[in-house]
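Hello,

Here is the structure we spoke about. Please look it over, then read the notes below it.

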Amino acid sequence: MPTASLTVRTLSRITALLAALLPAVGRAQHMPHDPAADSARYHLGAMATGLLTTANPALLGRRYTEGYLTQPNLMGDAAWGALRFTGTLNFEGYTLRRGELNAGMYGEGYADRRHPHTLVHEAMLAVATPARGGLRATLAGGKGFTPYGTDDPMMRPFVKYPVNHHHAQIIERVLVMGALQFARGDRAITLEQSWFNGDEPVGPFTGPQWSRVGDSRSTRLTVSPRRSLEAQVSSAFVRSPGLTQGGAFDHRQLSASLRYDVPANRYALLEIARTDESLGTQRVFRFASTLLESSIVHRGWALSGRAERTDRPESERLLDLFRTPNGHVDFQLVGITRWSIGTVQLAAPATSLPRLRGTHVTPFLEVARATARAQRTPAVFVPAEFYGSETQWSLSIGARVHAGTMRRRMGRYVLPAAVRAGMSSRGSSLSHPPQ
């Protein structure tokens, strides 16, 4: 298959390049590392996934089979005393312009495909005060993840994103945030507050509307009663995310989650999210989501499962039926669809590539079953008619490539709390086994 062979060749070239660029980092990743004790250190890591996906039906009763180089990222972290930098470059704007087949996924002008993320995924500076009596304050600013909701799905076990990505995370915003944390041993309580621009990115190479920076806000409270357990509740007010110039409905979002994480062993996440689209104080639409996912690892093999039920707004499609007008106007919605998706993934133990020190490959197989039903009748958008079936199946086969230092989590800028919650510069999520 031409597309698949092209993906394999591209993945091989990326692997060789990463190995050439990061040999020293790859050798250093086995060293013990305590971010709180760093005075002047840096860590580099890179990842990419070669992927072949077949979806049946993808739309109009037709099967689609496509190959990608997805989630290509270069990550860097540096510390100079109390000052820390977190950066991520995402190259999906080059490798994923058509989007990735992903039933139910939507946002930024794509539907049933995952959109490419922006080139500058993260560029955050943070400074923390010394801990006094267990209390520490952090101030951070730049472009990155707002303190709202749960972790980036890219650092979780599955290759396909959940439908609730835009309900459960608010990412790639220019923000300033402050945080207070009280910690004793493995226990911590963290309160974060941020102000950011509400407009969503309109493309992988476009910047934010600088005049809108500060028009939106979010708050998150995280409680970690022990090292492996974390609970969070958060809320956000997002001004007109659908139109960069403003004028669309505002979003009021709520999130709550419980996360259990024993690195390289067991992981589970339960999250509930809700987005209300409103005009002033009057609610017009409500979208709800519930998600449960877990993983278990035995002798390097990782078995993961996810169940999700999420409401999705439906917009008019363009001539390319996987695309919608970029910059949607909420009152032009043609329906609300409830997606129920079950996903199972089996990942093999990571293997080192010959003569490419510090580079690891993890093959995997992922299967998803999705059903979509209109929430309002009569409906303009009837899922069974549009897709050609009430049930959609997706099969993905691929391999993740890691080089250098991998993060377990992304978008956490209060570093001591992130360490207690399971982040490690020497490992990654259960689908990204520690190197």
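A definition to begin with: patches are made of residues with over 30% relative accessible area and no salt bridge, with like charges joined within 9 Å and nonpolar side chains (Val, Leu, Ile, Met, Phe, Trp, Tyr) within 5 Å. A salt bridge is a side-chain nitrogen of Lys or Arg within 4 Å of a carboxyl oxygen of Asp or Glu. Accessible areas come from the Shrake-Rupley method with a 1.4 Å probe, and for residues only the protein chains shown count as cover.

This is a predicted model: local features need pLDDT of at least 70, side-chain atom pairs count only at pLDDT 80 or more, and totals for chains, interfaces and linings use all residues. Residues are numbered from 1 along each chain as its sequence is written, and side-chain values use heavy atoms, without hydrogens or water.

Surface first. Trp80, Leu83, Phe85, Leu125, Val127, Leu139, Val176 and Trp195 make up a nonpolar patch. Together they have about 710 Å² of accessible area. Strands (DSSP runs of E, at least two residues, numbered from the N terminus) β3 (83-90) and β6 (120-128) each give the patch at least two residues. Trp195 sits in β9 (187-196).

Now the inside. There are seven cavities of 30 Å³ or more. A cavity is a set of points on a 1 Å grid over the protein atoms alone where a 1.4 Å probe fits but cannot get out; lining residues have an atom within 4 Å of a point. Grid points are joined across faces, edges and corners, and a volume is the space filled by probe spheres set on the points.

The second largest cavity holds about 210 Å³. Its lining has 22 residues, with Asn102, Ala103, Ala368, Ala370 and Ser394 nearest the centre. Among the strands that give two or more residues to this lining are β1 (40-59), β4 (100-107) and β18 (359-374).

Ala103 is 8.8 Å from Arg114, C-alpha to C-alpha, and 11 residues away in sequence. Arg114 lies in β5 (110-114). Arg114 is buried, at 0% relative accessible area.

Last, the backbone. The peptide bond from Asn56 to Pro57 is cis, with omega near -10°. Pro57 lies in β1. Gln71, in β2 (62-80), has a positive phi, near 55°. Gln71 is buried at 1%. Ala264 also has a positive phi, near 60°, but lies in the loop between β12 (250-262) and β13 (266-279). Ala264 is partly exposed at 39%.

Best wishes

Key: On a 1 Å grid over the protein atoms alone, a cavity is a set of points where a 1.4 Å probe fits but cannot get out, and a pocket is an open set with protein on both sides within 12 Å along at least five of seven lines; lining residues have an atom within 4 Å of a point. Helices (H or I, at least four residues) and strands (E, at least two) are DSSP runs, numbered from the N terminus. Buried means under 20% relative accessible area, exposed over 50%, partly exposed in between (1.4 Å probe, protein chains only).
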